[in-house]
Structure formats: C-alpha cells, structure tokens
Amino acid sequence: MATTTIPDKFLPVLTQKKAFAHLATVMPDGTPQVTPVWFFYKDGKFVVNTARGRVKDRNMSKNARVALSIIDPDNPYAHVAVRGKVVRATEEGGGASIDALAKKYLGVDKYPNTRPGEVRVIYEIQPTSVSSMG
C-alpha cells in the first residue's frame with residue numbers, strides 16, 4: 001500500500017540540507033520533462049518556485065501531476081521518491097519565496113538571477129505516493 005508520509009529519517013534531508021529535487025512534469029504530448037529545483041518542505045507539502053513561462057511552469061499549469069526525486073547530499077544511496085499533485089499555484093509572494101530559497105541554497109539575501117520583468121510563481125505539491133531507500 002502506498003504511503004503519503006515522508007519517513008522521519010528523511011525530514012532533515014528535506015528541511016535542513018541543501019538537497020536538490022529533480023522535478024518531473026508532463027509535456028503537452030505526454031512525455032516527461034525533468035528539471036533540478038530548489039525546494040522547501042513545509043506542512044507536508046513541497047514548495048517550488050519558478051518564473052512564469054518556463055517549461056515547468058507551463059506544464060504544471062496544464063497538468064497537476066508531478067514527481068520529485070530527492071537524494072541525500074551526504075549519502076547518494078539515500079533517496080526519496082514522491083509522486084504528487086500541484087494543489088496551489090500563486091504569484092503572490094513569489095519574489096520573497098525565491099529570495100528565501102536563495103538564502104537556503106546560496107547563503108545570500110536576494111536571488112541574484114532575477115531578470116527584468118520576471119514574474120515568480122510558487123507551486124505547492126501534495127504527495128500522493130512516497131517511497132524511500134537508504
């Protein structure tokens with residue numbers, strides 16, 4: 001039986017380490033598309049941030065089904081695989097969110113790669129299936 005709960009031993013990987021998630025989305029023709037992303041894990045959901053118009057943004061806007069693969073940066077044999085559904089998408093707070101992610105991953109207060117006119121979008125992903133190894 002599938003679980004939707006992250007095992008306790010992986011919570012530090014998701015909340016304290018600079019682990020990257022490989023986010024899989026579905027292209028309009030049904031093929032998969034995968035992108036490494038920064039993320040937060042909060043209140044049982046994964047939170048990712050992207051710029052409006054990017055491939056993952058377009059894909060998640062049209063198809064809420066996604067998957068995440070996350071490896072412990074200190075143990076490449078420890079892995080969490082998540083299938084999930086986008087349950088919320090908003091531009092509100094998008095700039096502050098990418099700045100917070102830049103603080104977590106780069107140690108800087110402001111995301112350094114914002115382009116003029118760029119609109120940031122926050123996506124919240126609810127796990128529907130979780131498996132792990134290691």
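Biologist: Let me start with one residue. Where is the place of Asp43 in the chain?

Modeller: Asp43 sits in the loop between E3 and E4. Keep in mind that this is a predicted model.

Biologist: Is Asp43 buried or exposed?

Modeller: The cut-off for exposed is over 50% relative accessible area. Asp43 has 68%, so it counts as exposed.

Biologist: Let's zoom out. How many helices and strands are there in the chain?

Modeller: You'll find three helices and seven strands. Walk along the sequence and the pattern reads α-β-β-β-β-α-β-β-α-β.

Biologist: Now a helix. How many residues does H3 have?

Modeller: H3 covers residues 94-106, which makes 13 residues. From first C-alpha to last it reaches 17 Å, close to the 18 Å expected at 1.5 Å a residue.

Biologist: Which residues of H3 are buried?

Modeller: A handy idea first: an α-helix has 3.6 residues a turn, so residues three or four places apart point the same way. In H3 the buried ones are Gly94, Ser97, Ile98, Asp99, Leu101, Ala102, Lys104 and Tyr105.

Biologist: What covers the buried residues of H3?

Modeller: The cover includes helix H1 along with strands E3, E4 and E7.

Biologist: Let's visit strand E4, then. Is Thr50 buried or exposed?

Modeller: Thr50, which is found in E4, has 1% relative accessibility and so counts as buried. Leaving aside neighbours within four places in sequence, Thr50 is in contact with Lys56, Asp57, Val119, Arg120, Val121 and Tyr123.

Biologist: How do I compare distance in sequence with distance in space?

Modeller: Pick a pair and look at both numbers. Thr50 and Asp29 are 21 residues apart in sequence and 21 Å apart in space, C-alpha to C-alpha. Pro36 and Asp57 are also 21 residues apart along the chain, with their C-alpha atoms separated by 13 Å. Then try Pro127 and Lys85: 42 residues apart along the chain, yet 6.6 Å between their C-alpha atoms.

Biologist: What does Pro127 touch, not counting residues up to four places away in sequence?

Modeller: Pro127, in strand E7, touches Thr4, Gly44, Lys45, Phe46, Val82, Arg83 and Gly84. With 4% relative accessibility, Pro127 counts as buried.

Biologist: One more for Pro36: what is it in contact with, beyond its neighbours within four places in sequence?

Modeller: Pro36, found in strand E2, is in contact with Ala21 and His22.

Biologist: Last one, on charges. How many positive and negative side chains does the chain have?

Modeller: There are 19 positive and 12 negative side chains, and the centres of the two sets lie 3 Å apart.

How values were computed:
Residues are numbered from 1 along each chain as its sequence is written. This is a predicted model: local features need pLDDT of at least 70, side-chain atom pairs count only at pLDDT 80 or more; totals for chains, interfaces and linings use all residues. Side-chain values use heavy atoms; hydrogens and water are left out. Helices (H or I, at least four residues) and strands (E, at least two) are DSSP runs, numbered from the N terminus. The expected span of a helix is 1.5 Å times one less than its number of residues. Buried means under 20% relative accessible area, exposed over 50%, partly exposed in between (1.4 Å probe, protein chains only). Contact means heavy atoms within 4.5 Å. Lys and Arg count as positive and Asp and Glu as negative; His and the chain ends are not counted. The place of a charge is taken as NZ of Lys, CZ of Arg, CG of Asp or CD of Glu.
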